[in-house]
Amino acid sequence: MKIDVLTLFPEMFKGVFSSSILGKARDKGIVELNTVNFRNYANNKHNTVDDYPYGGGGGMVLKPEPIFGAVEDLSFVADAEGVPVKPRVILLCPQGETFTQKKAEELSAEQHLVFICGHYEGYDERIRQYLVTDELSVGDYVLTGGELPAMVVIDSVVRLLPGVLGNEMSAVTDSFSTGLLEYPHYTRPAKFRDWEVPDMLLSGHHENVRKWRARESLIRTLERRPDLLEGRELSKQEKAWLAEWEKEKAAKAKQAE
């Protein structure tokens with residue numbers, strides 16, 4: 001995969017792209033990570049990339065020329081027949097679709113992603129209409145620019161690429177990948193300050209461990225993110241687990257009285 005980031009602050013990405021999982025993925029040649037300062041594509045003597053909005057109002061708006069020029073100057077990835085592949089051009093924007101694990105999985109199947117990190121009041125609308133393929137938001141809040149959201153999305157996407165994670169099952173069982181939150185994890189020591197690891201995890205019975213994890217994943221989701229279960233068709237086993245859990249809760253509440 002190739003990833004290009006259009007930004008006015010390319011220095012913000014140096015540490016992120018050279019460290020941890022992203023750095024290892026780049027070193028392995030799994031992903032190519034590039035930054036482009038789109039100020040270099042400004043077409044005026046002062047290299048300005050923003051201007052006042054038509055119709056008045058507060059703030060400045062990013063001009064279309066630098067953004068279009070930077071994207072059109074990128075080298076595109078070619079398919080098996082040598083034909084350039086049109087990239088997904090992603091605008092980081094509070095108005096965009098909320099970024100989810102499902103979207104990360106969708107983007108991880110692409111060969112070339114281009115991220116546009118904006119600043120100021122907004123973008124010239126022609127950037128949205130004629131250049132961008134996706135608009136993404138990382139939440140209902142406003143940041144000073146699109147750099148941090150771009151880092152979040154890129155990290156989430158790259159870790160899904162084959163060969164990036166040491167354990168390929170990690171991405172499959174992550175929270176949200178199955179539609180549920182992930183089950184609890186434990187490691188050595190088996191007993192720490194009188195808190196013990198559940199016996200089931202020490203049993204060595206792989207099928208029982210799998211069932212325990214599936215049950216705990218379901219219960220944790222119900223407790224912390226019940227909205228994720230809305231519209232989910234529960235299996236007979238899942239219904240039985242929830243009924244069992246309700247009985248356990250009732251018993252604990254009675255003991256506490």
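**Charged pairs, a helix face and cysteines**

Modeller: The count of salt bridges comes to 19 in this structure, which is a predicted model.

Colleague: Which salt bridge joins R88 and another side chain, D134?

Modeller: R88 and D134 meet through their side chains at 2.8 Å, N to O. This pair also links distant parts of the chain, since D134 lies in strand β8 (residues 134-137), 46 residues from R88 in strand β5.

Colleague: Are R88 and D134 buried or exposed?

Modeller: A residue counts as buried when its relative accessible area is under 20%. R88 has 15% relative accessibility, so R88 is buried. D134, at 8%, is therefore buried as well. E106, by contrast, counts as partly exposed because its relative accessibility is 37%.

Colleague: Which residues are linked in a network of salt bridges?

Modeller: The network links R88, E97, K103, E106, E110 and D134. A further salt bridge is that of D124 with R126, where the closest N and O atoms are 2.7 Å apart. D124 counts as buried at 15% relative accessibility, while R126 counts as partly exposed at 44%.

Colleague: Which residues of α10 are buried, and where do they fall around the axis of the helix?

Modeller: The buried residues are E238, W241, L242 and W245. Seen down the axis of α10, they fall within an arc of 95°, so they line one face of the helix. The face turned away from this buried side carries exposed residues, namely K236, K239, K247, K254 and Q255.

Colleague: What covers the buried residues of α10?

Modeller: The cover includes α9. Setting aside neighbours within four places in sequence, R215 is in contact with W241, E244, W245 and E248. The side chains of R215 and E248 are joined by a polar contact of 3.0 Å. With a relative accessible area of 11%, R215 is buried.

Colleague: Finally, what is a disulfide, and how many does the structure have?

Modeller: A disulfide is a covalent bond between the sulfur atoms of two cysteines. The count here is zero disulfides. C93 is in no disulfide, for the nearest cysteine sulfur, that of C117, is 12 Å away. To count as a disulfide, the two sulfur atoms must lie within 2.5 Å. C117 is likewise in no disulfide, its nearest cysteine sulfur being that of C93.

Colleague: Are these two cysteines, C93 and C117, buried or exposed?

Modeller: C93 is buried, with a relative accessible area of 6%. C117 is buried too, and its relative accessible area is 0%.

Methods: Residues are numbered from 1 along each chain as its sequence is written. This is a predicted model: local features need pLDDT of at least 70, side-chain atom pairs count only at pLDDT 80 or more; totals for chains, interfaces and linings use all residues. Side-chain values use heavy atoms; hydrogens and water are left out. Buried means under 20% relative accessible area, exposed over 50%, partly exposed in between (1.4 Å probe, protein chains only). A polar contact is a pair of N or O atoms within 3.5 Å; within protein, one must be able to donate a hydrogen and the other to accept it, and residues adjacent in sequence count only if both atoms are side-chain atoms. Contact means heavy atoms within 4.5 Å. Helices (H or I, at least four residues) and strands (E, at least two) are DSSP runs, numbered from the N terminus. The arc is that of the directions from the helix axis to the C-beta atoms. A salt bridge is a side-chain nitrogen of Lys or Arg within 4 Å of a carboxyl oxygen of Asp or Glu.
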